[in-house]
Amino acid sequence: MVTTTYVSTFLGNKFYPLEPRIDQIAIEDIAHGLAYQCRFNGQTCDFYSVAQHSLIVASIVPPSMQLAALLHDSAEAYLGDMVKPLKVLLPEFARIEDRVTEIIAAAFGVDFSDYVAIKKADLVALATEKRDLMPYSVESWDYLDGVSPLPEKIKPIGPVVAKARFLGEFQRIMMRCESR
């Protein structure tokens, strides 16, 4: 099936969500899309990007997992950041997101098969974000039971800075990997 439905990217690429290809993936499109996308559907007290979230997750895991952690939400650059309650209601979206994640992993040589440490770091970041960016969300979230937030408070950064830091971290990790 050939589809004409595509997402136009920052760099002017056409990304076909139902037929993703490696040659459609660009780290700058990912960094840009994540930096300009607010977590939690924008329901935070300050703008807080998916790129900044990804940087936090990458900072928590061991060095060997940092690239995978940095890119763990990269499909959202092409598909958007859908809040968890909607993802549960729309299983087809989750399948599309998984396929896009697989293509991104292949494009950058990332292995998401050992996801336990990344998921744990993601939950630590989530607990920290809930504490620091959602002060009116006082109810407990079941999936955060037993998860402690980071001691330091999140200081949200704007999209331009988040994109630059994301790209810088990507380059730092890639240079470290190449020097082995």
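Tutor: Let us begin with contact, which means heavy atoms within 4.5 Å. The model is a predicted one, in which local features need pLDDT of at least 70 and side-chain atom pairs count only at pLDDT 80 or more, while totals for chains, interfaces and linings use all residues. Residues are numbered from 1 along each chain as its sequence is written, and side-chain values use heavy atoms, with hydrogens and water left out.

Student: Which residues does E97 touch, not counting those up to four places away in sequence?

Tutor: E97 touches A75, E76, L79 and K87. E97 itself lies in helix α6; helices here are DSSP runs of H or I with at least four residues, strands are runs of E with at least two, and both are numbered from the N terminus.

Student: Is E97 buried or exposed?

Tutor: Buried means under 20% relative accessible area, exposed means over 50%, and partly exposed lies in between, with a 1.4 Å probe and protein chains only. With a relative accessible area of 11%, E97 is buried.

Student: Which parts does the salt bridge of K163 and E28 tie together?

Tutor: The side chains of K163 and E28 meet at 3.1 Å, N to O. K163 lies in helix α8 and E28 in helix α1, so the pair ties together parts that are 135 residues apart in sequence. K163 counts as buried at 13% relative accessibility, whereas E28, at 29%, counts as partly exposed.

Student: How should I read the crossing of α2 and α8?

Tutor: Axes are lines fitted to C-alpha atoms, for helices over the stretch in contact, and angles run from 0 to 180 degrees between N-to-C directions. The axes of α2 (residues 50–60) and α8 (residues 159–178) come within 9 Å and cross at roughly 35°. A51, S54 and L55 in α2 meet A162, R165, F166 and E169 in α8.

Student: Which residues touch the most other members of the largest nonpolar core?

Tutor: A nonpolar core is a set of buried Ala, Val, Leu, Ile, Met, Phe, Trp, Tyr and Cys residues joined through side-chain atoms within 4.5 Å. The largest one has 54 residues, and I30, F108 and F166 touch the most other members. The largest share of this core, 8 residues, comes from α7. Leaving aside neighbours within four places in sequence, I30 is in contact with I25, S74, A77, Y78, I104, F108 and F166.

Student: What is the phi value of F40, and where is F40 placed?

Tutor: Phi of F40 is near 60°, a positive value in a residue other than glycine. F40 has its place in the loop between α1 and α2, and at 14% relative accessibility F40 counts as buried. N41 is found in the loop between α1 and α2, and phi of N41 is near 60°.

Conventions. Salt bridge = Lys/Arg side-chain N within 4 Å of Asp/Glu carboxyl O.
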